[in-house]
Amino acid sequence: MTSRAALLHGVFRYLEAREITLTELLSFVLVHRQMNNPACPIYADLVRNTSTILSAFYYHPDTAAPTTIWAHRAMCTVYSGMVKELSDIDSGWHFSALQATPEKLADFRIEDMASKMHARAPLLVELVRTLLDATSSPHKVAEDVLVPDPEDSFYRGDGEKLPDSESTGGAGPASHSGQQDGGWVLSHEILIHIKTVTILSICLHSQDQHCNAFQSTVGIVLHACNAPEKVAKMLAHMGVSVSLSSIHRAIHSLAEEASYDVCQLGQTLLVSYGYDNLELYLTTDSPTLEKPGDGLIHLTSGALFRLDHGVTLDDLRCSRLLWDCSPLNPLASSPIPLDRYATMQFLYNLHREPDYSEDKLSRRGQFRSWHFVSTLFKHGPSALRRLASAIEDPEEIDPIPVSKLHYLPLHTMDLNEALVSGNIEAIQNMFSQAGVGDPSRSAGGSDSVVDLTEFVTIIHGDLGTYERVLSALHRRSVERSEYERLQSVVFAMGLFHFKMAAANAIWRIHVTPEKARVDDTSFMKIVGKLRPRDSSRLITSAKFRQQHELIHQVLTLLQLDAWRVEVKRRTKYESLEAWAALSPSPEEVKTIADTLARDYVEGEGLDLYELASRAQGTRDEVRLNMMRTMNHLLLYEELCYALNAGDIGRVETLLVPWVQIFRATGKHKYGKQTLRFMHALYFVYPERLRRAIRLNMLVNPTELINLFTKVTYGGEGSNNTKKRVILKSILIKIFRNAHANVEQNFVLPGLTNAHGVKDMSRTFALILDYMKTLHANEYQAGRTSCYPIRNVLVEGAATIEAESGLGKEDAGPEAPETAAGDFAPEESEDVEMELTAEDLSTN
């Protein structure tokens, strides 16, 4: 026995002899606070080695069980106090359903909750993380504990974007390397992070039902996702969501707040309006004798857009000025009648070409050269993609400054927008929701409505809406009140629908004529190679998204084949890959692209009249068709580019050829109404109003609102009613934001409306090999075609000029009346297409 052990034995016998127990001795010091002098070595040693003493109690076989029970009870009290403290109203997590606002919903962040929880109750957070992780270190994953589902890509770390260090509150991707140690472990850490907040939120909600920020957010998202009530009730009983009644109260509160926001924005008068028809199938509607329907209801959706780019009230203060020059005003002092031919001539010279040298391409030619280069780098040999950074975007003509669009949905209206009377009611209903109109007619008093009679109101819509609004203005022109005759209404053409009409016009030129589908080099033959199983259906039933994709893909194939032909002519190389291996310079690529734009496409330095008038033995009709086809397809691609780039000047330069194409292909309404709109824009409206319209006309969220409404409330499984749809349609933007908020908070990658880029390389390579045998872009004297493609640009221009010479300009927009007194539209020459979410993601 050592001397130290002997000494301790002596102390032990001394205590026994005096009947002093260790319990009594420790209680004397710790409970009765005796001998608590920090300067006392014995007391200081006791405090310093508390962990050692407690560990001795925990690991000794005779004291382990009682120590564990005591520690458990003590920590239960501690943890309960922490939960009570976190659930206090000062934490900021009390969410009243009756006072729910969009701001509260948008401000919810799991990261903020995690930070506050860790700051105020670190032991509680560590307990939950330990129970979830079951490892000794939060950054070390035990193989026998973490066994991910092999089908769960979130655990595999398959390259999806994950939050950085700021969002996770811990080590970000930079602290990990490798797929296994980076993607897998980091993904697991993020899940632990989310589950910790979820579990503690359930505890807080159980402690105080008002501490429900987490549960309220989940409940509103469940409603936005149209989740079944059974699922909502199950999650409410689990503590993850609030009850159904609380969800419904929150929805009503959000709707009231949204209505208030609409009124606040509308009464600034610095807004424009957009509306469109909305058709829903509601299986809850029972057929009656008065309404023997099949569940299809006709509604009208609307939205409010803030006017940006420095638009002021003075820019819009011209309602009376426009009425004074309106042909609908019998007392107008200076009416300005519509002259489509003069408008066309004006558009020809609206954006004049700069003074280029003779050997330089025009603006359109430069765009086409750029597009040829872009196609080569995207779909050509991979060795050329190193040059992609050297390509410059096309010249901007009149770009709209970049700004974020701010818009608010309106309550869906129980109106049929197909009628003129329905359009009148829709406009007045939107004004009412926005808190504007005629104060003298307001039921709530003059203070509740802002007078708009001095100001114009910009209305966005498609062609059908434009026609019916014009008829409504004509019908109401006899009214005395400015408000009743809709004097403030001016229309802005919807350019997304213009783009749809352009795609349909290409279909009419290259697909609809039966003989246009005969030649092996025809547009539809190439489509048949791209989609062999759908080619027959696509002739008559192609949706807009399919038309858009096929136009782009066919043009890509024609351009790549033209590259091969021109490169072969210049270098004698048979393939683009062999030429790319020589590492051509950007200047060489640009030179060839300029040649392609000039010599392989109609419209830039090519006299197709001269080529077509040659003798049969020297004329190549197939190549002439290729030049004209690429001209039409490139016009469509330039339109798409201009809309995406926000270059309103380039859009206006494209109106002339597209109006000509519309008139030649039988789409007379689009041709006529486009010129009517441009006539009003440049010949009638004051300069400041013209600027306000041009800088704010590239908007199209009403279609997305319609689609989101259909997905949320319509369909075969819907149990909604018309009243419920109308009440909650104003929440569509809030619901979309709630989706985005949940995707961010719960790290749900891969959820997007955008389409993944398909790998078409093998398909293109196979079709290009086939096109080599056709020699479509190579001149072969005497080659004939079954169907020479019409020169629709010249035909359309001739039609407009002939109408001008014959005096066929419209006297007004009024059309015949039906028995019911509503607008009876002329037989439509436009193909009506039901838009899908795919259609709105075209580039």
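This is a predicted model: local features need pLDDT of at least 70, side-chain atom pairs count only at pLDDT 80 or more; totals for chains, interfaces and linings use all residues.

Visitor: How many helices and strands does the protein chain have, and what part of its residues is buried?

Guide: The protein chain has 36 helices and 7 strands, and 49% of its 843 residues are buried, a word that is kept for residues with under 20% relative accessible area.

Visitor: Why are helix 21 and helix 29 called oblique to each other?

Guide: The axes of helix 21 (residues 495-510) and helix 29 (residues 648-664) cross at roughly 40° and come within 11 Å. Angles under 35 degrees would count as roughly parallel and 65 to 115 as roughly perpendicular, and the two helices are therefore oblique to each other. Their crossing is also left-handed.

Visitor: What makes up the contact of helix 21 with helix 29, nonpolar or charged residues?

Guide: From helix 21, Leu 495, Phe 498, Ala 501, Ala 502, Ala 505, Ile 506 and Ile 509 meet Ile 648, Val 651, Leu 655, Trp 658, Ile 661 and Phe 662 of helix 29. These residues divide into 13 nonpolar, no polar and no charged.

Visitor: Which residues of helix 7 are buried, and how do you know where around the axis they lie?

Guide: In helix 7 (residues 110-120), the buried residues are Ile 110, Glu 111, Met 113, Ala 114 and Met 117. The arc that they cover around the axis is only 160°, and therefore they are on the same side of helix 7. In an α-helix there are 3.6 residues a turn, so residues three or four places apart point the same way.

Note on methods:
Residues are numbered from 1 along each chain as its sequence is written. Side-chain values use heavy atoms; hydrogens and water are left out. Axes are lines fitted to C-alpha atoms, for helices over the stretch in contact, and angles run from 0 to 180 degrees between N-to-C directions. Helices (H or I, at least four residues) and strands (E, at least two) are DSSP runs, numbered from the N terminus. Angles under 35 degrees count as roughly parallel, over 145 as roughly antiparallel, 65 to 115 as roughly perpendicular and the rest as oblique. A crossing is left-handed if the near helix is turned anticlockwise from the far one by less than a right angle, and right-handed if clockwise. Contact means heavy atoms within 4.5 Å. Ala, Val, Leu, Ile, Met, Phe, Trp, Tyr, Cys and Pro count as nonpolar, Asp, Glu, Lys and Arg as charged, and the others, Gly among them, as polar. Buried means under 20% relative accessible area, exposed over 50%, partly exposed in between (1.4 Å probe, protein chains only). The arc is that of the directions from the helix axis to the C-beta atoms.
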